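This briefing concerns a ligand site and a pocket in a protein model. Please look at the structure below before reading the notes that follow it.

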Amino acid sequence: LLIFAGDPLTVLPKLIEQYNVEHVFRSLHPACEEQQQWQWLRDNHDQLPNPQSIQWHELDNLSLINQHDISKLTHIDIEQRHANPALQEFIPSFSKFRRLVETAIKKQHFIIDNPLTEQYTLPKPVALSPNNYSSLAEHCVNDIDTALELQFSDNDSATEEVFYGGEKSALKHLKHYFSDQRAHQYKNVRNALGGWENSTKFSAWLANGSLSARQVIAALHNFEQQHERSDSSYWIFFEILWREYFYWYALIYQHRLFRFSGIDNRRPLSSFYPDRFKCWTNGNTPYPLVNACMTQLNQTGYMSNRGRQIVASCLVNELQLDWRYGAAYFETQLIDYDPSSNWGNWQYLAGVGADPRSKDPKSIHADGRHFDLTKQQQRFDPKGEYIKQWLGSDASVQASESLIDTIDANGWPIQ
Ligand SMILES: Cc1cc2nc3c(=O)[nH]c(=O)nc-3n(C[C@H](O)[C@H](O)[C@H](O)COP(=O)(O)OP(=O)(O)OC[C@H]3O[C@@H](n4cnc5c(N)ncnc54)[C@H](O)[C@@H]3O)c2cc1C
């Protein structure tokens, strides 16, 4: 394995030229920046020697459903999606998408591809010595641990509550997760704010490609064959379908995934208040639960799904901030950052995305999903244990002393 760090548009042409590469493969990354990079490489490769001999292959191995089947399901010709991107519309709600997928599977219109077995693994690469890199030397990463600040596990204990990088750790964790009855409890506990065991923790490995959604579903089916299927084990599939929904959503909507007015051109009533944003990122708002969640994120790079919903709702509703700043901050912090899931979920919570209820002016969700912070705390942290874990015991006092604004409308300091 050769690892190079740098702009792919600089490194890849050099690599192709130096080794007379004839086949270039990559996974289909749905978000617009990654799409543009791939397109640029394909459009500009005629400056390389023997451009006509290069073949470009984009594989849909990050998703559960393949391109062909998703085209049939959505009636969108995914391969021709560049033809008129501004007019493309994806299935308007997750519920509808889920029903379509489940019906299609039941009627055997398509099946979810099994992950490839060992026998399909690639042959060993040709031996390349670092001396051959010449023009690539500055991008070559020999010491990956230092360069990427990754930790690799050499400990065989599968119960560690830490995200270790790499496929081996991912597969070890997958095996461990389905080795007992946890999947039968998943639905009851997945909303907990803390606790390693309460959700699958597959997200970081899924996001960086160490684990595929197809591997997760194959392991889940295997578990269900051995231990029966339950409503709870099914819910893991349900959640993976959310990931799938946002994956294709990002591919169809491209730039609209990052737009303030979202996919429908509905501009939310919000602005940007730097002080409020700083309070939120630092976990220093008047809301202890939000502060605890943000502290966990800042210290570990992870936050539960419920926590993400709560802090996003707070940023949009209580702090009335532009949702894109929250999404961009998550992008810098999350260990499982994934463009489609992150920006898709933020749009949903800000009321500019895939939530049909937010488009009905009479709906209580007309302004997105507003979580009542007091009720959330009563329901998900009734004894204040989660808050105490991340903020210590005087968290409520500190929070009550925090102000949303430190300057008034005329720009004068409030305190
Ligand atoms: C504002 C916000 C931002 C988010 N940003 C990201 C992100 O950058 N990367 C990311 O992977 N997930 C993101 N999520 C989704 C979800 O919070 C995480 O996938 C989940 O918390 C990861 O923990 P887990 O693997 O234990 O999840 P589990 O509850 O065990 O779920 C199993 C898998 O299902 C998928 N999944 C679960 N919930 C969702 C969801 N709401 N949307 C999409 N996929 C889901 C994930 O792949 C997850 O690993 C975000 C959610 C919100 C509300």
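In this predicted model, a polar side-chain atom of threonine 200 lies 2.6 Å from an oxygen atom of the ligand.

**Polar contacts and cover of the ligand**
- Tyrosine 302 also places a polar side-chain atom 2.8 Å from an oxygen atom of the ligand, and for arginine 308 the distance from a side-chain N or O atom to a ligand oxygen atom is 3.5 Å.
- Taken on its own, the ligand has 820 Å² of accessible area, and the protein covers 97% of this area.

**The shell around the ligand**
- There are 26 residues around the ligand, and those that come nearest are Tyr186, Ser199, Thr200, Lys201 and Asn305.
- Divided by class, the shell holds 12 nonpolar, eight polar and six charged residues.
- At least two residues of the shell come from each of the helices α8 (203–208), α10 (231–253), α13 (305–318) and α15 (339–350).
- The ligand lies between domain 2 (63–118 + 164–253) and domain 3 (274–401), because both domains give residues to the shell around it.

**The second largest pocket**
- The space in the second largest pocket amounts to about 480 Å³, and its lining is made up of 20 residues, of which Ile105, Ile112, His221, Arg229 and Phe237 lie nearest the centre of the pocket.
- Two or more residues of this lining are given by each of α4 (94–106), α9 (213–227) and α10, with α9 giving the most, namely six residues.
- By class, the lining of the second largest pocket consists of 10 nonpolar, four polar and six charged residues.

Key:
Residues are numbered from 1 along each chain as its sequence is written. This is a predicted model: local features need pLDDT of at least 70, side-chain atom pairs count only at pLDDT 80 or more; totals for chains, interfaces and linings use all residues. Side-chain values use heavy atoms; hydrogens and water are left out. A residue is near a molecule or strand if one of its heavy atoms lies within 4 Å of it. A polar contact is a pair of N or O atoms within 3.5 Å; within protein, one must be able to donate a hydrogen and the other to accept it, and residues adjacent in sequence count only if both atoms are side-chain atoms. Accessible areas come from the Shrake-Rupley method with a 1.4 Å probe; for residues, only the protein chains shown count as cover. Helices (H or I, at least four residues) and strands (E, at least two) are DSSP runs, numbered from the N terminus. Ala, Val, Leu, Ile, Met, Phe, Trp, Tyr, Cys and Pro count as nonpolar, Asp, Glu, Lys and Arg as charged, and the others, Gly among them, as polar. Domain bounds come from an automatic or database domain assignment. On a 1 Å grid over the protein atoms alone, a cavity is a set of points where a 1.4 Å probe fits but cannot get out, and a pocket is an open set with protein on both sides within 12 Å along at least five of seven lines; lining residues have an atom within 4 Å of a point. Grid points are joined across faces, edges and corners, and a volume is the space filled by probe spheres set on the points.
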